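Okay, thanks for coming, everyone. Let me put this one on the screen and we'll walk through it together.

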Amino acid sequence: MSAYRCPDLLVGGRWRPAAGEARVAIVDPATGETLDELALCSAADLQEALDAAGPAFEAWRQVPAHERCLRLERGVARIVGEADRIARLLTQEQGKPLAEARAECLMAADLIKWYAEEARRTYGRIVPARQPGTRMDVLKVPVGPVAAFSPWNFPLVLSARKLGGALAAGCPIVLKAAEETPASVAAMVACLADELPPGVIQLVYGVPAEVSQALVTSPVIRKVSFTGSVPVGRHLAQLAGRHLKRITLELGGHAPVIVCEDADLDRAVRQLVTHKFRNAGQACLAPTRFFVARRRYGAFLEAFTEAARGLKLGPGLQASTQMGPVANARRRTAVQDLVARSIACGARKLSGDAGLPTQGFFVAPTILADVPLHAPAMQEEPFGPVACLLPFDRLDEAIAMANGNAYGLAGYLYTDSARAMLQVSERLEVGSLAINGIGVSVPEAPFGGVKDSGHGSESGCEGIEAFLETRFNHHAA
Ligand code: NAD
């Protein structure tokens with residue numbers, strides 16, 4: 001195994017050790033062994049980052065969009081060039097199979113590239129003047145220094161969504177990435193930082209609540225962006241509200257899948273098994289509640305369970321592995337607890353734990369059939385390899401069941417019926433819907449949730465808009 005080393009902080013353009021005393025162990029989820037210890041930042045480190053963000057904003061906002069684009073593209077080329085090394089770090093600290101880690105790294109590069117190109121299209125507009133010889137124009141200007149918080153499940157992609165948008169728009173960014181997966185994000189950030197003025201990109205790791213308190217309440221920070229859980233999102237929204245900061249929140253999902261009677265079952269099973277168990281199910285857009293037309297329910301259940309049972313579990317660095325461990329011990333405990341509580345409510349567990357690797361934090365792909373709507377697994381985000389299935393008789397009923405929990409991020413529909421497509425696309429309460437496919441998140445389209453899944457969008461032109469302010473200029477004669 002190649003050497004793993006925890007990163008320093010990047011503050012004011014310099015990589016340097018954290019000044020704090022506290023350390024957290026970074027654990028390999030495939031073995032449970034400690035890889036290294038991450039030093040956490042102090043209050044003084046955060047103050048230094050805030051002090052650097054103001055001057056960095058002055059410098060970066062004056063770099064023309066064309067030049068910002070070129071610099072970011074050079075950083076992206078380095079990320080692509082280093083994808084193998086970055087992916088290895090990601091697999092070591094997070095557990096996902098190496099091929100998934102590499103794909104995530106390339107997706108992160110693609111996201112930043114798209115934002116970089118979009119920087120050149122942050123158009124304003126001219127409004128027809130009321131008096132001769134006067135002019136009215138509307139400009140898009142960068143909002144200012146950004147505080148961003150990204151989680152451990154897709155550390156590269158979810159950091160890239162924030163880095164790309166902020167930097168392309170002309171904003172400096174202080175990123176607190178997840179303490180569980182620090183090295184992969186630091187390696188990606190290093191590729192970008194060399195191309196940017198000092199302080200434009202800063203990376204800190206610390207006690208999450210202390211970092212967000214210091215950054216969100218500082219007058220230097222003008223925009224907050226968070227991806228993570230609903231309780232933390234609520235807390236940050238309150239903090240941002242009190243200090244009148246703009247905030248974008250992506251708080252997870254519990255995605256419904258509607259499989260109609262006319263669906264291509266082979267295609268649905270093949271796509272959904274891959275998509276469900278990617279990253280051991282720790283994905284906010286993972287399909288989780290499967291509502292299947294009653295006449296196809298038995299066939300779907302059988303094919304889906306068989307395909308899930310066939311997945312090869314193992315350490316992410318092993319080439320044959322199709323599903324790795326979950327990211328940490330608390331996630332494994334949480335998933336096992338959710339499954340047990342749902343079985344107690346009447347769900348039928350169709351898959352077993354036989355053959356699970358004995359080391360590390362492995363959870364078997366778990367299929368729960370006939371799950372009552374009030375069962376915990378139908379309401380709480382499993383954030384693990386758990387699929388809940390239930391039959392339906394009428395499409396109306398399926399849509400009502402799909403809308404029957406607090407989340408609204410992604411949704412999936414399998415049908416050939418134009419009427420079903422129209423009904424579901426109009427009535428399903430989600431931010432993204434994939435029809436006969438799984439592509440709910442691409443760099444050029446907005447990604448965001450409704451209801452408890454958060455508000456605001458990342459990616460697409462909406463993603464860069466979140467880091468821009470609108471300014472009106474009225475030029476008198
Ligand atoms: P958690 O709520 O403890 O942490 C989630 C993320 O928020 C972590 O990256 C953490 O560092 C950060 N965080 C925690 N407190 C914070 C604070 N006060 N200020 C700023 N950041 C803070 O959850 P967890 O145990 O890591 O994961 C549990 C649940 O979180 C999952 O079941 C899932 O529902 C949700 N989650 C969602 C996403 C997503 O993609 N939307 C990603 C990770 C976790």
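A word on the annotation before I use it: UniProt positions are in the numbering used here, feature names are shortened, and annotations may be inferred rather than shown by experiment. With that said, UniProt lists residues 15–471 as "domain: Aldehyde dehydrogenase", from an unreviewed entry.

Now, this is a predicted model, where local features need pLDDT of at least 70, side-chain atom pairs count only at pLDDT 80 or more, and totals for chains, interfaces and linings use all residues. Residues are numbered from 1 along each chain as its sequence is written.

So, secondary structure. Helices (H or I, at least four residues) and strands (E, at least two) are DSSP runs, numbered from the N terminus. The protein has 15 helices and 20 strands. Its radius of gyration is 23 Å, close to the 23 Å that the globule rule gives for 477 residues, so the protein is as compact as a globular protein of that length. That radius is taken over C-alpha atoms, and the rule is 2.2 Å times the number of residues to the power 0.38.

Over residues 15–471, the chain is 42% helix and 19% strand, with the end C-alpha atoms 36 Å apart. As for the box, the C-alpha atoms fill roughly 75 × 60 × 40 Å along the principal axes.

Last one: contacts, meaning C-beta atoms, placed from the backbone, within 7 Å. Take the pairs at least 6 apart in sequence: 71% of those contacts join residues at least 24 apart.

Key. Two residues are in contact if their C-beta atoms, placed from the backbone, lie within 7 Å.
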